Amino acid sequence: MARSSSARAALSLKVVPVLFPAKADRTCPSCSARALVRQDPDSLRGLVCSACGWSDAEASAFFLAEEEGPFEDAVLREREEH
Ligand SMILES: [Zn+2]
């Protein structure tokens, strides 16, 4: 039954994007809590877990920054307020 197994392979390919959506993954590699935040709001590097305290200064925080909005927007907001 080679036909049914290839159909199953095709199906699994369609499932992958559902399991790994293009969204910020805040899952902590240490405690698995979805509690990762940026270590420094002004930097695209550095992650810290607000649940267990795990941190990685070299980890890319770009995906979190992207989710929170472009840097330019934050800078413009800051300028408008002052
Ligand atoms: Zn953690």
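**Terms and their grounds**

Trainee: Where is Ser32 found?

Mentor: Ser32 lies in the loop between α1 (2–19) and β1 (36–38); helices (H or I, at least four residues) and strands (E, at least two) are DSSP runs, numbered from the N terminus. This is a predicted model, in which local features need pLDDT of at least 70 and side-chain atom pairs count only at pLDDT 80 or more, while totals for chains, interfaces and linings use all residues. Residues are numbered from 1 along each chain as its sequence is written.

Trainee: Why does Ser32 count as exposed?

Mentor: A residue is exposed if 12 or fewer other C-beta atoms, placed from the backbone, lie within 10 Å of its own, buried if 20 or more do, and partly exposed in between. Ser32 has 11 such neighbours inside 10 Å, and therefore counts as exposed. Its phi is near 70 degrees, a positive value in a residue other than glycine.

Trainee: Which residues make up the largest nonpolar core?

Mentor: That core consists of Leu36, Leu47, Val48, Cys49 and Ala61, 5 residues in all. Strand β2 (residues 45–49) gives the most, with 3 residues. The term denotes buried Ala, Val, Leu, Ile, Met, Phe, Trp, Tyr and Cys residues joined through C-beta atoms within 7 Å.

Trainee: What makes β2 and β3 a pair?

Mentor: Two strands pair if DSSP finds at least two bridges between them. β2 and β3 have 3 bridges, in the antiparallel sense. In β3, Ser55 is the bridge partner of Val48.
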